[in-house]
Amino acid sequence: MTSDMNTAVRVTASLDGIVDAAAIGTDHDGMVRVTATPADLHAVCAALKGAAGFEANTLVTARDHGAGEAQRFELFYQFLSYEHADRVRVRVMTEGDDPEVDTITDLWPGTSFSERECWDLMGVRFGGHPDLRRLMMPEGFDHHPLRKDFPHIGIEPDRLYRQWDEARRAEFEASEAAKGAH
Amino acid sequence: MGSVGLNEAPFSESFTATRLDWVVNWARKNSLWPMPLGLSCCGIELMAMFGPKFDLARFGAEAARFTPRQCDLLVVAGTLTWKMAQAVRLVYDQMPEPKWVMSMGVCASTGGMYDTYSVVQGIDTILPVDVYVPGCPPRPDAVIDSIIKLQTRIQRETPIKDLVEGIPDYHDTGTGRELRQPNRVVMHKKKPQLPTSPIGEDSK
């Protein structure tokens, strides 16, 4: 486990003055884990990229602890260092049903898609994201389907299709009527 | 000049007498041009159908054109999501009449195991389906069987009567092409104008 030890040392050194030493630990799978808050998340990520040398962001995802929980959504970030061949995980607990954290697309532009997916499916807003559109569900979809309180069969899953269909049909009828008048 | 039996010599070698409906149906059913819409693993099975082993050409249905304008059999092979449903509906509307729809596999027929918010629970909620093929994915034998069933069904249609009396609203005629959902798309409501002058002059 020498490499993990090195990772912990490197991460601790890079985060000196940003988070407490108590916030740095080891997860159940042996990966070095940094517990951040929404306020210092961006500083932590910047330090991990700069001083600790984690070049790549490999994962942004969230976990829903269920409606009614004070700290409902828990965010996970994972970073990879090609040079040192190791990884680190950042965990963020957020408050409320509609949480918002800072984007890290300015550090890793490729994170854009992960954050869009996270916003689409879990409803975590990323402040400062240049283009926070839905990734998987169609534009106009009202819900965040991976939340625990979303029914698996959906809420009016055909609504967008029906709207499109009715508009199209109205257009067709109008054009037919115009032809008839002509 | 006495009456001459059309099926007797010398005519029997040059032409034969039959019903126009039968001939039109015979031509249609033996030259189905499928529009393959491979949405998931059923699409792979559909490719095997066109290959030499199962050889859909034996039934005249091998000419996949990949453009709806030249096809008359829409094969929805696989899981249809609500996001894709608009595209499928457009493809169906762009196909010229007459057209038929095959729902291949349980996902297309009922949503299958995808009992979720994102999957259409059976394409018959958005399209009039003629033949369903069960299976996950169906064996090519099952698809061939359904093609034969569709051919039998096409042979029972009445194209000439439809032409004279107006193209029927297939969704209301009890032909089994009804949609499960109440809102139905009827793009051909009007009775077609029959030519009043000799054919050719009128169409200019």
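Modeller: Apart from its neighbours within four places in sequence, Arg89(A) is in contact with Asp27(A), Asp29(A), Met31(A), Val32(A), Arg33(A), Val34(A), Phe76(A), Tyr77(A) and Gln78(A), where contact means heavy atoms within 4.5 Å. This is a predicted model, in which local features need pLDDT of at least 70 and side-chain atom pairs count only at pLDDT 80 or more, while totals for chains, interfaces and linings use all residues; side-chain values use heavy atoms, with hydrogens and water left out. Residues are numbered from 1 along each chain as its sequence is written, and chains are lettered from A and ligands numbered from 1 in the order in which they are written.

Arg89(A) belongs to strand S5 (residues 86-93) of chain A; helices (H or I, at least four residues) and strands (E, at least two) are DSSP runs, numbered from the N terminus. Arg89(A) counts as buried because its relative accessible area is 9%, the classes being buried under 20%, exposed over 50% and partly exposed in between (1.4 Å probe, protein chains only). One of its contacts, Gln78(A), also makes a side-chain to side-chain polar contact with Arg89(A) at 3.1 Å. A polar contact is a pair of N or O atoms within 3.5 Å; within protein, one must be able to donate a hydrogen and the other to accept it, and residues adjacent in sequence count only if both atoms are side-chain atoms.

Turning to the interface, 24 residues of chain A are in contact with 19 residues of chain B. The two chains bury about 1800 Å² between them, 56% of it on carbon and sulfur atoms; buried area is the accessible area (1.4 Å probe) that two parts lose on being put together, summed over both. One salt bridge is counted between the chains, and Arg168(A) and Asp93(B) meet in a salt bridge at 2.4 Å, N to O. The term requires a side-chain nitrogen of Lys or Arg within 4 Å of a carboxyl oxygen of Asp or Glu.

In chain B, Glu97(B) is in the loop between helix H3 (82-94) and strand S3 (100-104). Glu97(B) is partly exposed because its relative accessibility is 32%. Asp72(B) is 25 residues from Glu97(B) in sequence, yet their C-alpha atoms are 7.2 Å apart.

Ser118(B) is in the loop between helix H4 (106-110) and strand S4 (131-133) of chain B.
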